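Here are a few exercises to work through with the model open. Try each one yourself before reading its solution.

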Amino acid sequence: ETSCETERDFGLEVGLLHVAGPSAAQIASTVTCIGGLPCEVADFANHAAANGSRLVALPDTTKGCAWTPSSPADDGIDGFLNYGVSDTGGVYGSYYIWGAGDPLVVESGTYVLCWCGPGVKRTRPDIETDVPYHQGGWASPCPSARPTNGHGFLAPAGYLVVTGADPQGTVSCSIGLNCVISGVTGEGVQGGDQVAVLRVCGEEPPNSDRYEWTTLAPGADTTTVTTTAATTWSTGLDKWIDGGWLEWGPNLSTSVLNSIGIGGATGRAMWGFPNFGYSVPDSRAGYYQWGGPTWAYAGEYQLCWCGGGQGDNDLAALLERWTLGEGEWCSLPEHYLVPMGTLKVVGPSVLPTQSQVFRCVRRRACEITDFEGTMPDGSKLLISESACSSAEVPTGSPNEGQSLPSDDGTTFSWGSKEGTFQNPGFYRLCWCASVVDCYSAEDYTAYAGLLQVKAPTAKLEKHWCALGQACNITGLVGMGLHNGDSIAALAVCGYGEFSSKFTRNGVSTATFGVGHGFTMPPATEHGVFRICWCAGETLCYSATDFDTDVGALEVGGPDASAVYVCYEWQPCSITVKGSLLHVGDMIRVVPSGADCATTALSTSGPELIDGFPHYGVAYASTDGYEYSFGEELVRTDPGLYDLCYCSYEYSPDTCQSASDFYTPGGTIRIATSAEYQYATRVEDPSERSFDPLYGIILAIVLPCIFALAAVVGWGRNRVFRRLVPGGGKTRVRKLEISPPHQKGPPGKDGNQAAIEGGGDDDEDAEPEAPPLFKPREGFAALAQKANKETHEVKQILEIRLAAPGTTSATVPPPYQKKGKILNAHISDIPDFRSERAKRRAARRARGEDSESEQEQDSDMADHSSMNSQSSPEPLANSAQSGLDAFKLGGQQSSTLEMSQRMSALDSSQALRDTANSKTMKNMRSSGSMMSMANSRRAQKNREMAFLDAGPRPPGLNVPSRVVTSSRLLDVLDL
């Protein structure tokens, strides 16, 4: 009995105490596991460790095995199998493995190993069946999960190193170039390691990736084309078109193409990377490259590492276990389990059989947008006619083919300068991978896509449209045409204003056939115009936008409103009204109301007109305007029929088929035979062309004449008023011859008083103005009047010249105004009687006096005797009394003489009228007008002789037809 408090108190040895756990050597050792392979500890140095023990891997911190999570979500080592707790140990606690042999995929680095021993299994008292602990006897294994406080897993067991590349973040490689990754560090990184490009490390890319890469743009499934490859609005241009870098990119060998993925081999990494997506083994640690250009679709992929070195986990044993031969490690996607980082394929999105395509219009500034890819800011593109590795800039490219630096990597512009590409078509777009060193064409080595230069490519041709009719212009070919394009009819393309000779400014109203056909509005005037094209990518707002000449447009044809006439039972020929008609044109007769365009499209054509010559189709015109149906007679029913016209120059079949007669040509009326008879009658005299002008002239001149006459009359009246005393008023005194017994003032008779003093009547009367216009006389009346005046003048002159001693006479004043006879000599006035007597005497002397002349002389003698016998006795008495009064002369008073003369004149006038009436009867009875003329002349001579006797009273205006008194006596004697 001791207190057992000191060491010496325990002096009796009763047995051995074994402390189970890792040995001191194990605690100081380091175990290495290759990332991506199963991690196992096969030679765990321990003492008295038993089966059922476990190891746990914890982060290497200062707490060691006492590490506790910082939060419930803290699992220690991210991605470690079973949160770092191994399976139960075997082989007497010397062998440990994690996850039943699953590959360890964790971040490379050094971790702390901690050991957990199982509970001891013992009975009391010991029996023979008890298994010693060192022989594996234990009651229960360690827990499969480490407690939060670490209870049970507190024994240090050394360190675990997991090899692998350190995380690299995002690594970039460029399209068209060999991808090289260097300077990679990490635990256990050494030469011979490899890297694969995968969607998910350890997994083979799905077939959808292969299909999208070879056929469609990424994002599209096997049945539905997404918007990435969809057709854009109305341009008819797909964002992606057939023909990728296999067609437009560099020439690659078959082996390279197969390694990229064109061959379709399975068991490879990502499509588009050479060497089947695995890096080429290299002796340099941390250096990885794929040995060829990258043609994968631009985007982000996962870099996966496969370690080719040695670790504590026996690679040879694992290879044998996986039935892999030497050199087959890191040959399948499932071998690349350790993520190393992200690979970003920088550049435009390209595919082997599909290319992005963009469009620029010739003669316009070029800019493209929405370029798919991962091009960085500042990237530039180049337009090339050849492969990008040996780029050739096409003629007419703006800015020498190089774009301006892009602001966002998706929009590229070649500046404001217009691209006048010589040939429309497709050109390569090349990308400069270095971004900052892009100065020459050789710097642009990566194929990026296609640029389509849009413009018509067909040669200039003529097109024809009928006047006043909408028409279609077809056959336009070119690059990139679509239904958004339009055309316009202009005088010169790209200049001036729209044409006023068309409706809607001459701009096409519709586009069809993917930009190959256009509908033009009706033209209001004929002529020749230029067809000018405008791309739908521009506004096409003004005439300057239509700057591409694609041909000529001729507007002409027949007048569709004209009506022509032919007659039944007559040949038919017409002259067509129209413009720009050509030799060889033809017309066709169709039923009234038939639409030429509709009938032209029908297979059977328009209905034939029975009885019309030549089946209703006129012969080809020889001048474009004259059309004939031949010499046959028109036997169709009278009425109206329509005409359809065919232009020979613009007809596809040269007017040989019904489809060529699609233009309205007017109307033809078949008239009846009666109308033909009326139409072919003798034509009436045509109206004078200036007849309307006469009316206009009269309408202007007549008012002027009327106004002039009024002014002249007014002026003459003013002059008359100024010249005549009394303010233009005159006293009109009536000349009244009163009988001798009427007395006037003392010393004057009544007549003399009336002449000198006048009466009191009409003292202030105004003189009547002459008529404004003299009445117009006929031609015959004027001729008769002229003959009469001439005869009277001759009579007066004859009487005056007949007076004794008179050898000349003066024409009376009234006849001097006529300007016919001014004066006459006696020798100028023929004496008919003396001339006749002379001729008769000459004939008698020659013995030529005929019996008829003798009879005529006897007749004249009879007439003379008859006239003398017919004069009544009062005539002789009156003449004698007048002669007596004449002889008295100045012995009587002037008043008495004048009264007697006037009385005698009245008596003589009465006797003369009686004698004239009897004489006219005698002349009619005898049938001789000569006697009547002689009788009148004799009476007039008597009157004049009487008036000539005695002095004229003052104021008496007596005509000056006077003769001498001796001549008057001779006349009275007759």
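Buried means under 20% relative accessible area, exposed over 50%, and partly exposed in between (1.4 Å probe, protein chains only). Strands (E, at least two residues) are DSSP runs, numbered from the N terminus. This is a predicted model, where local features need pLDDT of at least 70, side-chain atom pairs count only at pLDDT 80 or more, and totals for chains, interfaces and linings use all residues. Residues are numbered from 1 along each chain as its sequence is written, and side-chain values use heavy atoms, with hydrogens and water left out.

**Exercise 1.** Work out how many residues of strand β22 (residues 446-456) are buried.

Solution. Go along the strand and check each residue against the cut-off. Eleven of the eleven come out buried, so β22 is largely enclosed by the rest of the structure.

**Exercise 2.** Find the strands that pair with β22, where pairing takes at least two DSSP bridges.

Solution. 
- Start with β17 (residues 354-361): it runs parallel to β22, joined by five bridges, and R359 sits opposite Q452.
- Next comes β21 (residues 425-431), antiparallel to β22 with seven bridges; here R428 faces L450.
- Then take β25 (residues 478-479), antiparallel over two bridges, with P456 across from G478.

Notes. Helices (H or I, at least four residues) and strands (E, at least two) are DSSP runs, numbered from the N terminus. Two strands pair if DSSP finds at least two bridges between them.
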